[in-house]
Amino acid sequence: MHPGFPGYHGNGYAPAGPEREPRYRRRRGAGGRRGSFQISYDNISSYSSSSQARQSPTEWASSTKWEEFDDAYFQSYSQIGIHEEMIKDHVRTETYRNAIMRHQNLISGKVVMDVGCGTGILSIFCALAGARRVYAIEASDIAVQASEVVKANNLSEKIIVIHERVEKVSIQEKVDVIISEWMGYMLLYESMLSSVIFARDNWLKQGGLILPSHATLYMAPVTHSERYCDSIDFWRDVYGIDMSVMLPLAKQCAFEEPSIETISAENVLTWPFVVKFVDCYTVTARELESITTKYNFTSMLRAPLHGFAFWFDAEFNGPSTFPANNNLLSGSSTSDLYSNVYNNQRRQKAKSDQVLVLSTAPEDEPTHWQQTILYLYEPIEVIQDQTIEGSITLSQSRENPRFLNIHLEYSSGGRSFIKESIMR
């Protein structure tokens, strides 16, 4: 039974290969498909013991094996290309700089902690905004270069670069501000938010500032015939040769794992749905271990449904509460409510002088996060006003909590399917 067919519960084809290190966000394999997420398959699951399987990701994060996996994770951030890509993302970098300057009155003369400082650019922004002291914490070896950058800008008296995991840092004072660029693909990939939570619970003063303060993960069904034809229909006629027998394998290889690419608003079939709203002032690591929500969409046009897109917004404001209608959005099955709430929120954000938003939505300027697309193995033809419903579960992998397991159930036109993927 091929993946994507009714009743199929597995991941389908997973190519065997030599053991390799996982590839975390922002890394692209040389020579890979433009716009696709480069996956490496390794033997990491062989480390999973029966005792580890009974542990939650939060509990396992204190284990020796977790530290071994994290060594590989942080090693990936020692490469300059990753930081070059992030810094060149002007939407990302300028939004952070603008957020720091907008909250300058809460940063000037205060103590700041930068969790995962990388090359130190956000720490320097904070120092230039008047911070009295900045603890720039970085677990990867890029911390060595960050120290040199700080020295070159004559900021060594203000910025203290600490080459260590934030969970192992010893600081003898509380901080007024925590800043971090923790968002991964699909918002939660990499589980770096748990490090921000740890820093918040151990060092942030009561009433302190967290940047970003809130984040929202969205999903929506999409159509993308060009991508499907490029990856699949190509095999129907290859230089005049019928190679359609390759189609099942092509679908498995092309659509097995989530794809990181840029789509446009024209690809989106419905108003989006809130999968998870994150308040960085109150969220716990435990609640991020597994997130499940049911969704119900109504297609706005006739088109083939090729998959589901995910993107996020990150907000930079104080610890004020999110509008109450966000809860209505997550629990409702009315598409009109989706559109009204989504549009109202975006209009309010656009007009507000108080709220600054970093958006990775298809209708906004592209970022290095792009969008995450979970493609179906077989497209579904939908007509206008047709219902698309089901549930989505995102959970930290028990083989490595920085990986993200995705369990998608979807139904439309009287047909039901299940798709399971893992983002490594």
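Residues are termed buried when their relative accessible area is under 20%, exposed when it is over 50%, and partly exposed in between, with a 1.4 Å probe and protein chains only. The structure is a predicted model, in which local features need pLDDT of at least 70 and side-chain atom pairs count only at pLDDT 80 or more, whereas totals for chains, interfaces and linings use all residues. Residues are numbered from 1 along each chain as its sequence is written, and side-chain values use heavy atoms, with hydrogens and water left out.

By these cut-offs, Glu-164 is partly exposed, with a relative accessible area of 29%. Glu-164 is placed in the loop between strands S3 and S4; helices (H or I, at least four residues) and strands (E, at least two) are DSSP runs, numbered from the N terminus. With residues up to four places away in sequence not counted, Glu-164 touches Ile-137, Glu-138, Ala-139 and Val-169, contact being defined as heavy atoms within 4.5 Å. The C-alpha atoms of Glu-164 and Gly-116 are 9.5 Å apart, although the two residues are 48 residues apart in sequence.

Over the protein as a whole, the secondary structure comes to 13 helices and 15 strands. Of its 424 residues, 56% count as buried. Among contacts with a separation of 6 or more, 77% are accounted for by residues 24 or more positions apart.

Nonpolar cores were defined as sets of buried Ala, Val, Leu, Ile, Met, Phe, Trp, Tyr and Cys residues joined through side-chain atoms within 4.5 Å. The largest such core has 87 residues, and Met-113 and Phe-308 are those with the most contacts inside it. Strand S10 (residues 303–316) gives this core its largest share, seven residues. When neighbours within four places in sequence are left aside, the contacts of Met-113 include Tyr-135, Ile-137, Val-166, Ile-171 and Trp-203. Another core, of 18 residues, lies apart from the largest one and has Tyr-218, Ile-232, Ala-250 and Ala-361 among its members. Ile-232 is also in contact with Lys-251, as are Tyr-228, Glu-256, Tyr-377 and Glu-378, again with neighbours within four places left aside. Lys-251 is located in helix H11 (residues 247–255) and counts as buried, because its relative accessibility is 12%.

An α-helix has 3.6 residues a turn, so residues three or four places apart point the same way. In H4, the buried residues are Ile-82, His-83 and Met-86. Their arc is only 90° around the axis, which puts them on the same side of H4. The face of H4 turned away from this buried side carries the exposed residues Ile-80 and Lys-88.

Several backbone features occur in loops. Most residues other than glycine have a negative phi, and most peptide bonds are trans. Asn-154, which is not a glycine, has a positive phi of about 55°; Asn-154 is found in the loop between H8 and S3 and counts as exposed, because its relative accessibility is 70%. Glu-190, also not a glycine, has a positive phi of about 95°. Glu-190 is found in the loop between strand S4 (175–180) and helix H9 (193–203), and counts as buried at 0% relative accessibility. The peptide bond from Leu-211 to Pro-212 is cis, with omega near -5°, and Pro-212 is found in the loop between strand S5 (204–211) and strand S6 (214–222).

Definitions and conventions
The arc is that of the directions from the helix axis to the C-beta atoms.
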